[in-house]
Amino acid sequence: MPVKNIKTYILLFLTATIWGGAFVAGKIATTTLHPVSVAFFRFFGASLILFPLLYWKEPNRPTPTRKDWIVLALLGLTGVFLYNIFFFIATKYAPIVKSSLVIAVNAPLITLLSAIFLKEKLNGRSIFGMLLAVFGAVYIITNGHPSVLIEIGVAPIDLVLAGACLSWSTYSVIGKVAMKTYSPLAATTYATGFGTLFLAPFALYYTSFTSVQMSGWDVWLSVLYVAVVVSAISFVWWYNGIQKVGASTASVFINVMPISATVMGTIFFNEHLTITHIVGAAFVFSGILFNIYSKQEKVMFPLIKKGANI
C-alpha cells in the first residue's frame, strides 16, 4: 500500500535525527557558555538566516494583524524562549536520564493537547503506536531498566523538565493554529525573531566577555550546528509536518531522538551501541510505522467504499 505524505514523514524523521544531535552540541556548548547565552546565540544566528529567506521566498506573505502578533509572540515565548532555557538548564544540571525523558513525555502530551484543543481525532491503533514508540524511547534512555525512573525519585530540577515538556507541547499546538494563516517558514521565522528578543536581556546579563573568549572552536561549532541545522532548517520541517499530518502524528517521531543521540554518542564520545539500544529502536520504529499505517487506513477505507458504489 503506497504511503501518503511519505516526503513529510521522511522530513520528520530527519528532524528528530537532527534534534538528537542537539543533546551532544548542548553539552559541548555549555562547557564555557551559560545555557541562556547558548540559547540566545542559537536563535540570533537562526534569525539571520530565516528572515532574509522569508523575504526572498514569500514577498507577498500576509501582514500580521494584532491578534496574529499575539499568537506569533506566544510561539516565540513557548517554543524558543521558555523551552530552550529549560532545555539547556536541564542538559547542564539534570541527570542525563531525566533530561532525556523530555523527549518521551513530549509525544503523549502533544497528542493529548491536540485532541483537546485542535480536536484531532485519535483511534486505538494510533494511540497504541504512540505508546509503543514512547516505551522504546524510555527503554533506550533508561538503558533497558525503566524501573530506574522510580529509584531516582523526585527533585527540584523536575520542575524545569516539566516546564520544558509543557512549553514545547504548547508551541506545537499553537503552531497548528498559526499555520492556518502562515506558512511553516513564516511561523518559524516570526517565532524565532520573538524568541530572540525575549532571550536578549537575559543573555546580556549572563554572557561575559571572558566566557566568550574562553570558548574554543568546538563550542562555536556546536552553537553553529544548533543555530543553522537544528533551528533554521529542522524547525521549518517540524512545522511543515504538523501542518501536513497533524501535531499528534508528528509528535511520534520525537521518539527517534534517543536513537540519534545514541548514535551521536557512539561517534563523538566513543560510547558503545548495545542490544538495549537495538531493542528500543525496534519499539520506536514499530510504533511510528503502526501510527502511520493506522492513519493510512482511515484514508483508504473511504476510497474503497466509494469504489464499491461505482
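Predicted model: local features only at pLDDT ≥ 70, side-chain atom pairs only at ≥ 80, totals over all residues.

**Exercise 1.** Determine which charged side chains lie over aromatic rings, and at what distance from the ring centre.

*Solution.* Begin with K57, which lies over the face of W56 at 5.6 Å from the ring centre. Turn next to R61: its charged end sits over the ring of Y55, 4.0 Å from the centre of that ring. The cut-off for the distance is 6 Å, so both values fall within it.

**Exercise 2.** Classify the ring pair W19 and W238, and locate its members in the chain.

*Solution.* A count of ring pairs over the model gives 24 aromatic pairs. In the pair of W19 and W238, the centres are 5.3 Å apart and the planes make an angle of 55°. Planes under 30 degrees apart count as stacked and those over 60 as edge-to-face, so the remaining class, tilted, applies to this pair. W19 belongs to helix α1 (residues 6–29) and W238 to helix α10 (residues 217–245); the pair thus links distant parts of the chain, 219 residues apart. Both W19 and W238 are buried.

**Exercise 3.** Classify the ring pair Y171 and F235, and decide whether each residue is buried or exposed.

*Solution.* The ring centres of Y171 and F235 are 6.1 Å apart with the planes at 45°, so this pair is tilted. Y171 lies in helix α7 (residues 157–178) and F235 in helix α10, 64 residues apart, so that distant parts of the chain are linked. For burial, the cut-off is under 20% relative accessible area. Y171 has 0% and is therefore buried; F235, at 3%, also counts as buried. Finally, Y171, F235, W19 and W238 are among the members of one aromatic cluster, which also includes F43, Y83, W168 and Y239.

**Exercise 4.** Describe the largest nonpolar core and the surroundings of W238.

*Solution.* The largest core has 71 residues, and those with the most contacts inside it are W19, L75, W168, Y171, L199, W238 and Y239. Helix α10 provides the largest share of this core, nine residues. Leaving aside neighbours within four places in sequence, W238 contacts residues including L12, W19, I110, W168, Y171 and I254. Another core, of five residues, lies apart from the largest one and has A29, L33, V38 and V223 among its members.

**Exercise 5.** Which residues lie nearest the centre of the largest cavity?

*Solution.* Two cavities of 30 Å³ or more are found in the whole structure. The largest has a volume of about 180 Å³. Its lining comprises 15 residues, with W19, Y83, F87, W168 and M257 nearest the centre. Helices α1, α3 (66–93), α4 (96–117) and α10 each supply at least two lining residues.

Note on methods:
Residues numbered from 1 in each chain as written. Heavy atoms only, no water. Phe/Tyr/Trp six-rings, centres within 6.5 Å; stacked < 30°, edge-to-face > 60°. Helix = DSSP H or I, 4+ residues; strand = E, 2+ residues; numbered from the N terminus. Buried < 20%, exposed > 50% of the residue type's maximum accessible area, 1.4 Å probe, protein only. Lys NZ or Arg CZ within 6 Å of the ring centre and 35° of its normal. Core = buried A, V, L, I, M, F, W, Y, C linked by side-chain atoms within 4.5 Å. Contact = heavy atoms within 4.5 Å. 1 Å grid on protein atoms, 1.4 Å probe; cavity = no way out; pocket = protein on both sides within 12 Å on 5 of 7 lines; lining within 4 Å. Points joined across faces, edges and corners; volume = space filled by probe spheres on them.
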